[in-house]
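Thanks for asking me to look this one over.

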Amino acid sequence: MEYLNTLLVSLEMSESDRRLLITLLVILVVVLFLAGFIGMAVRYITNKMGDRIESNIAEPIKYRILETRKSAMAYGRKKNARIFFKEATPAMAAYLFILLFWVVYSLCTIKGTGFMENHFYNFGELLFKFDTVWEKDFAGFYKLMSVTVREYPNPVAAHWASYVIITLFIITSVYMFVVSQAFIARASALRRIVDETYHNSLKGFNFYDETPKKEDLDRINRTQQ
């Protein structure tokens, strides 16, 4: 009986337990939403990029310019690399601009913090900061007692350069991630397309030699008549 009472007490939900449960549910919903959104974005990019590499290698395969699987893969990889270089160029230019901006700003503030300034820490001034209080219950389990906002966003005019540098860095990194994912998607689609197309060997096959000429078609028709 004493054990049953202890179990019932341990199962009883206090106000802090309810807050913890609600917080965990909200976090779970947000994580599932983000995971679903990222999954849909990755799938969309994969499909679109797969179509793009297919359109780039369609003509050489259609007219049998690429006779073997090896030559088709080499051609497709070159096309994929060129597309990646073209798409990644803006990101590389942005990274170079961020680097030059950081160097120039650090030289201009060399008498102060200069190159030692923590721009990521300064960028944190634009974010909310929370305090959480955890306590142990009688069974030794931690319970979330309270969540409070410790600091609200508090921009400092003197740290404008940090905001610019980190904002551009985040945007560029996200763009570079998408471009890299598109490169991998095209490579996967290329391998699938080539494997399906060159399942049978095309060595020695010539589209124009194998296509009946007009004179041959006329002769075949007269013979059939």
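The points below go from the overall fold to single residues.

1. Please keep in mind that this is a predicted model. The protein has seven helices and two strands, and along the sequence these elements follow the pattern α-α-α-α-β-β-α-α-α. Of the 225 residues, 22% are buried. If you take the contacts between residues at least 6 apart in sequence, 72% of them join residues at least 24 apart.

2. Next, the largest nonpolar core. Its eleven residues are Ile53, Ile57, Ile61, Leu66, Ala72, Met73, Ala189, Leu190, Ile193, Val194 and Tyr198. Helix 2 (15–62), helix 3 and helix 5 are the elements that give two or more residues to this core, and helix 5 gives the most, with four.

3. Which residues does Ile57 touch, leaving aside its neighbours within four places in sequence? Its contacts are Tyr75, Gly76, Leu190 and Ile193.

4. His159 is worth a look in your viewer. This residue lies in the loop between strand 2 (142–151) and helix 5. Is His159 buried or exposed? Its relative accessible area is 19%, and the cut-off for buried is under 20%, so His159 counts as buried. The side chains of His159 and Glu125 are joined by a polar contact of 2.9 Å. Apart from neighbours within four places in sequence, His159 is in contact with Glu117 and Asn122 as well as Glu125.

5. Finally, Asp195, which is found in helix 5. With a relative accessible area of 35%, Asp195 is partly exposed, because the value falls between the 20% and 50% cut-offs. Although Asp195 and Met73 are 122 residues apart along the chain, their C-alpha atoms are separated by 9.4 Å.

Key:
Residues numbered from 1 in each chain as written. Predicted model: local features only at pLDDT ≥ 70, side-chain atom pairs only at ≥ 80, totals over all residues. Heavy atoms only, no water. Buried < 20%, exposed > 50% of the residue type's maximum accessible area, 1.4 Å probe, protein only. Polar contact = N/O pair within 3.5 Å; in protein donor to acceptor, adjacent residues only side chain to side chain. Contact = heavy atoms within 4.5 Å. Core = buried A, V, L, I, M, F, W, Y, C linked by side-chain atoms within 4.5 Å.
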